[in-house]
There are 2 protein chains.
Amino acid sequence: MNVENLLADRTKEMDASAIREILKVVSRPGMVSLAGGIPAPESFPMEIISDLTDRVITKYGSSAFQYDPTEGFGPLREALAAYLREQDIPVSAEGVLVTSGSQGALDALGKVLISKGDPIAVEAPTYLGALQAFDPYEPDYIRMDTDEDGLIPASLEETLQQHRVKFIYLVPTFQNPTGRTLPLERREHIAEIITRHDALLVEDDPYGALRYRGSTVPAIKTLAPDNVVYISTLSKVFAPGLRIGFCVAPEEIARWLVIVKQGVDLHTSTFNQALAAEYLTGNYLEDHLPRIIALYRPKQAAMLSALDRYFPADFRWSRPEGGMFLWAVGPRGMDMEKFYLKSIENNVAFVPGKFFFTDPDEGHETMRLNYTMADEQTIDRAIRILAKVIENNR
Amino acid sequence: MNVENLLADRTKEMDASAIREILKVVSRPGMVSLAGGIPAPESFPMEIISDLTDRVITKYGSSAFQYDPTEGFGPLREALAAYLREQDIPVSAEGVLVTSGSQGALDALGKVLISKGDPIAVEAPTYLGALQAFDPYEPDYIRMDTDEDGLIPASLEETLQQHRVKFIYLVPTFQNPTGRTLPLERREHIAEIITRHDALLVEDDPYGALRYRGSTVPAIKTLAPDNVVYISTLSKVFAPGLRIGFCVAPEEIARWLVIVKQGVDLHTSTFNQALAAEYLTGNYLEDHLPRIIALYRPKQAAMLSALDRYFPADFRWSRPEGGMFLWAVGPRGMDMEKFYLKSIENNVAFVPGKFFFTDPDEGHETMRLNYTMADEQTIDRAIRILAKVIENNR
């Protein structure tokens, strides 16, 4: 049948996502992938997973397999509220919404808040998955300037003066794709700006717990609680395949998030929420998190020292204190997609940075490097190959 | 902060769903609920669930907890394709998309196909959850006439002559809310009509496997394969809390469903998909389904005989050969919501049928009765009370 004229207007404008094509290459045999954003499988607490499933089945029986309220499984909301309070985000169980990954929270926010053409302010570069969640609601993205410390507050101020944005979207800690973290003074400045403009900030924090050194910076949610929707996930500290995200939103927004989530998936898997509740309340997370960090810290160190050793002198890269990504920037005018094509011929994959910019003219000289999946030796070898590819083809 | 002016246009028009308020009442202590659409927890295969989790953990290890392709977990797609082929729906694993409940398929279809104001044809009455999935995309619903055998083909023909509908949405077997099933001749007629008009039909089939007597009717998908998106779920034959739905769509639509699903939740829980794969490939479903049927058949019989015994002579009700619902219709002019309020005072809840109609003037004299949750004695008592409430308040 003729499908073309059945598609919604929004669909006709959607991209078949070039990055999907890139990530397909990654699964080729022999490919070393620095491209993904995927936790190492060794970071999952497999040694306790059978115990957790047994405990859930014994404790909750059939109710762990039954329909459940859209807002989330009661014991998990309790556990997440306690977890958030430890991070100085004061919230009760009723204030926590469980979502199907943090992606589910981003989709619901897009649906509740974005009408076609609404301005949404994002960092340049920003998280691609957020754009994929928002795109179907057809916003206009307003790009804001960043530097090594993340969003530049003056750029936010200017954006809010010039546009009535529906919200600002930020990943303030160990950002995807750059690994950058907003320092405390900038967070305070940003909190002051959004409060003064009565603007809404969506603070996406999937990586905050993965800190390898340095000291914790408070969430912007703690500095401007009424103006921030805080989103996080258990994907990086438990297991991504369980799809457990959560968010804390101003009440008038949370109410609508629940209504739209009901239309999207009724609720997130009860069984997986019960597993997550046991993981948190059994204090497994606090035992396990140091092991995840001990797994990733040397991988990051290996990548940083390989970059120091092999990469061209005219490249710069981030040195984040945690997270899953480094961001490397070549000289202006460089086209990283050209090196990407050569690089996969040599069985090393990364993501050209331009995909993380809303302006198609930006970021051609940038690349995102992930270090969580490969071992230290392989990381060293891959960066050496990548450096050679760049040298030989520039 | 002032949230009102941040809401999207679609949100301002969304209902805070009166039925949500009704279903809240259901959980009051002492309430007998004929209101829900919830499988009995005794219908879940709890005796094998520990075995299934162990097998998944042993067989797939950490990959059952890792990110997975948006399209679905490979072994589950294989198993679902085999399951669908048994129902004469010819499909390969690549043709099956796994969704987060069938709700996830409905949301994705709405997103891919509906622009504001697009006509969507639905039965009067229709499944409320589908309306909740489609509503945020702001369609115009075109209501089609039904009788005891479901959709009247002449009404479909007239609708397609008068409107360029994006799609027709039907629950052809043991419909929610009426329990009605389209007979084979109507299915053939409907298949002929949609093929001739090159129209798209969304066939939602959550209850087809729950047949208590009579013989199976083929899915419309088998009669007009190119013009039908077939949606089903394991919620009624395994466990709803796992949120496993699936669909088979024409390829040009499936491609877009994957792209929008990626933005909504990346993918459905890998672990739960692996559990479902083991459930299907281990032949547990074929062992277990007769037990679910043996559990529900007497409940339905109890409700039907209680209706015969107690209900007013001027009421009619459906006598479906399967599913989870009966549909009772009082005399014209009756307001079932009035009885609803009296009925919950007597600790019996049902859903007034008007919520299942897109035209607010329709269905005031109707009610949906669910029989899967209560035992036979309680069902008998509840119907007796309900009959008394109607007698005493008319």
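Two strands are said to pair if DSSP finds at least two bridges between them, and in this predicted model one such pairing joins E14(B) and strand E15 (residues 366-370) of chain B, which run in the antiparallel sense over 2 bridges. Within that pairing, B:Val351 has B:Arg368 in E15(B) as its bridge partner.

These two strands belong to an open sheet of 4 strands in chain B, whose order is E11-E12-E15-E14 and whose pairing is antiparallel. The edges are taken by strand E11 (316-317) and strand E14 (351-352) of chain B, each of which has a single partner strand, so one side of each is left without a neighbour in the sheet.

Chain B also holds an open sheet of 7 strands, in the order E2-E10-E9-E8-E7-E3-E4, and here the pairing is mixed. Its edge strands are strand E2 (97-100) and strand E4 (140-144) of chain B, each pairing on one side only, while the twist from one strand to the next averages 25 degrees. At the E4 end of the order, strand E3 (residues 119-123) of chain B pairs with E4(B) in the parallel sense over 5 bridges, and B:Ile120 stands opposite B:Tyr141 in E4(B). Across E3, E4 and strand E7 (167-170) of chain B lies helix H7 (residues 153-162) of chain B, which runs at about 145 degrees to E4(B).

Turning to chain A, the domain assignment gives domain 1 (7-44 + 287-393) and domain 2 (48-284). The centres of domain 1 of chain A and domain 2 of chain A, taken over C-alpha atoms, are separated by 24 Å, and 32 residues of domain 1 of chain A are in contact with 32 residues of domain 2 of chain A. On the side of domain 1 of chain A that touches domain 2 of chain A, the elements giving two or more residues are helix H11 (284-310) and strand E12 (325-329) of chain A; H11(A) gives the most, with 8 residues. The residues of this side of domain 1 of chain A divide into 16 nonpolar, 9 polar and 7 charged.

Two helices of chain A, H5(A) and H9(A), have axes that come within 9 Å and cross at roughly 110 degrees, which makes H5(A) roughly perpendicular to H9(A). From H5(A), the residues A:Gly104, A:Asp107, A:Ala108, A:Leu109, A:Lys111 and A:Val112 meet A:Ile253, A:Trp256, A:Leu257, A:Val260, A:Lys261 and A:Val264 in H9(A). By class, this contact of H5(A) with H9(A) has 8 nonpolar, 1 polar and 3 charged residues.

The contact between the chains takes 67 residues from chain A and 67 residues from chain B. Several helices of chain A each supply at least two residues of the side that touches chain B, among them helix H5 (101-113) and helix H9 (251-265), and H9(A) gives the most to that side, with 9 residues. The side of chain A that touches chain B has, by class, 33 nonpolar, 22 polar and 12 charged residues. Of the interface residues of chain A, 100% are also interface residues in chain B, so the copies meet through the same surface.

The arrangement of the copies can be described in one further step: chain A can be laid on chain B with an RMSD of 0.0 Å by a turn of 180 degrees and a shift of 0.0 Å along the axis. The two copies are thus related as by a two-fold rotation axis.

Note on methods: Residues numbered from 1 in each chain as written. Chains lettered and ligands numbered in written order. Predicted model: local features only at pLDDT ≥ 70, side-chain atom pairs only at ≥ 80, totals over all residues. Least-squares fit on C-alpha atoms with pLDDT ≥ 70 in both. Contact = placed C-beta atoms within 7 Å. Nonpolar A, V, L, I, M, F, W, Y, C, P; charged D, E, K, R; others polar. Axes fitted to C-alpha atoms, helices over the stretch in contact; angles between N-to-C directions. Parallel < 35°, antiparallel > 145°, perpendicular 65-115°, else oblique. Domains from an automatic or database assignment.
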